[in-house]
Structures are given as structure tokens and as C-alpha cells.
Amino acid sequence: MDKKLFVVHYQGPFGYIKPWTAVRDGETYSQQFLTPSIVEGMEKKLFPETLSEKGIQKIVRHKLHYKGIDLQQEKTQTQAWEAKGSAKNRYYVRNQSILRRGIMLSPSLYLAFMTEEDAVVASKQHLCLCRNEDIVLPDADIIAMDESQFSALPGFELRFDPSYSDSFMVGFNRFDENAPMYGRIEIGGEAVLS
């Protein structure tokens with residue numbers, strides 16, 4: 001028998017989830033799934049009482065989908081200063097470069113909870129997908145559904161069980177002493193909407 005879930009739907013204008021492998025890439029596209037540390041970070045934002053607890057306690061499932069990817073340019077500066085000129089006329093500069101980022105357009109995030117009380121708390125707060133400017137806002141209504149209905153929702157979901165035969169490494173968990181994180185992608189419905 002399916003578990004009953006209480007789902008909060010969040011939407012925003014754009015979002016970017018930097019893949020852990022894209023440390024210095026000049027061009028990178030937003031990752032289409034949430035890692036365990038991202039979900040745990042969202043949970044700790046929504047439920048500050050879980051800050052001292054390790055692991056994900058309240059968010060039981062998630063789905064992320066979007067309408068498209070827009071390639072944008074950003075100018076960045078290095079952290080280090082470089083000395084230029086002669087000893088008498090020395091000056092310092094910070095090198096600049098151009099990065100191209102593929103940003104998700106109109107991201108839509110579903111978070112599922114086991115209790116309606118947790119869903120109500122979550123439905124009264126905004127979230128950021130990863131960066132502070134990537135705000136998604138909740139819909140007013142909480143959706144009650146069975147787990148099979150949730151699985152059929154459109155979107156990408158990383159299932160966090162490392163024992164799956166098709167699990168792959170998705171980064172290092174900042175909440176767990178940088179332990180490797182693994183998961184398996186499940187895609188429901190039309191994950192990229194037109």
C-alpha cells in the first residue's frame with residue numbers, strides 16, 4: 001500500500017545548481033537534480049530545529065523540473081592579486097574571466113513530507129535552490145497524494161540509496177565530513193516542459 005505524502009510545490013523564475021565536477025569550467029549547465037546535501041540544507045533552512053541533527057529527517061521525496069535552459073555570461077575575478085609593473089611603479093590587479101552558465105528557466109520543485117504539519121511549516125517559507133538569488137516561492141495549497149502519484153509527477157529526482165546498481169557519485173556531503181554522496185536518477189513525466 002502506498003504511503004500518503006503531503007506535498008508543497010515551489011516555483012521561481014530561474015535557478016542554477018552547479019555540478020560538483022564544474023569547479024573551473026568556462027561553460028557549465030545547471031544540474032537537474034538535488035543532491036543529499038542540498039536537500040538537507042533546504043530542510044535545515046525550513047526546520048531550524050534540525051540544525052544539530054545529521055541527515056535528512058523530514059523531506060522524504062523531491063522532484064525538480066523546468067521549462068528550458070538559458071545560456072548566460074558572467075564576469076568573474078580571481079581571489080588572488082597579481083603584482084604588475086616595475087619595483088618602483090608596482091600595482092596589483094585581479095584577473096578576470098568570462099563564464100557561461102546554463103541557467104534553468106522557471107524551475108518547479110515539489111517537496112514531499114510524511115506529516116501535514118511539516119508541509120504547513122514548509123509552505124509558509126521561501127527556498128533557494130542553491131544560490132541566494134535562485135528563490136522559489138511556495139504555492140498556498142498543500143497537495144495530499146499517494147507515493148505512486150508523486151512518482152508520476154514530472155521532474156528529476158535523485159534517489160539517495162547508494163546500494164542501487166545504477167548509483168553514481170554526485171559530490172561530497174558538507175553536512176557529513178565531506179563523505180561521498182551517491183544516488184540514482186529517476187525521471188517522471190515530461191521533466192523539461194515546453
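View 1. Phe 172 is partly exposed, at a relative accessibility of 43% (buried, under 20% relative accessible area; exposed, over 50%; partly exposed, in between; 1.4 Å probe, protein chains only). The model is predicted: local features require pLDDT of at least 70 and side-chain atom pairs pLDDT 80 or more, whereas totals for chains, interfaces and linings use all residues. Residues are numbered from 1 along each chain as its sequence is written, and side-chain values use heavy atoms, with hydrogens and water left out. Four aromatic pairs are found in a search of the whole structure (Phe, Tyr or Trp rings, the six-membered one for Trp, with centres within 6.5 Å; planes under 30 degrees apart are stacked, over 60 edge-to-face, the rest tilted). The ring centres of Trp 20 and Phe 172 lie 5.4 Å apart with the planes at 90°, so this pair is edge-to-face. Trp 20 belongs to the loop between strand 2 (14-15) and strand 3 (27-29) and Phe 172 to strand 14 (residues 168-173), so the pair ties together parts 152 residues apart in sequence (helices, H or I, at least four residues, and strands, E, at least two, are DSSP runs numbered from the N terminus). Trp 20 is likewise partly exposed, at 35% relative accessibility.

**View 2. The stacked pair of Tyr 66 and Phe 156**. These rings are 6.3 Å apart, centre to centre, with 20° between their planes. Tyr 66 lies in the loop between strand 4 (59-65) and strand 5 (68-77) and Phe 156 in strand 13 (residues 155-159), so the pair ties together parts 90 residues apart in sequence. Both residues are buried: Tyr 66 has a relative accessible area of 3% and Phe 156 one of 11%. Phe 156 also stands opposite Ile 187 in strand 15.

**View 3. Strand 15 (residues 179-188) and its partners**. Strand 15 pairs in the antiparallel sense with strand 13 over five bridges, and five bridges also join strand 14 to strand 15, again antiparallel (strands pair if DSSP finds at least two bridges between them). Phe 168 has Gly 183 as its bridge partner in strand 15. Five residues separate the strands in the hairpin of strand 14 and strand 15, where Glu 177 takes a positive phi near 50°. Ala 179, in strand 15, is partly exposed at 22% relative accessibility and touches Gly 171, Phe 172 and Asn 173, not counting residues up to four places away in sequence (contact, heavy atoms within 4.5 Å).

**View 4. The salt bridge of Lys 54 and Asp 176**. In one of them the side chains of Lys 54 and Asp 176 meet at 2.8 Å, N to O. Lys 54 lies in the loop between helix 1 (36-46) and strand 4, and Asp 176 in the loop between strand 14 and strand 15, so the contact ties together parts 122 residues apart in sequence. Lys 54 is exposed, at 55% relative accessibility, whereas Asp 176 is partly exposed, at 28%.

View 5. Arg 131 forms a salt bridge with Asp 134, the closest N and O atoms being 3.1 Å apart. Arg 131 is partly exposed at 21% relative accessibility, while Asp 134 is buried at 0%. Salt bridges with shared partners join Lys 3, Arg 61, Glu 147, Glu 157, Arg 159, Arg 184 and Glu 186 into one network.

Key
A salt bridge is a side-chain nitrogen of Lys or Arg within 4 Å of a carboxyl oxygen of Asp or Glu.
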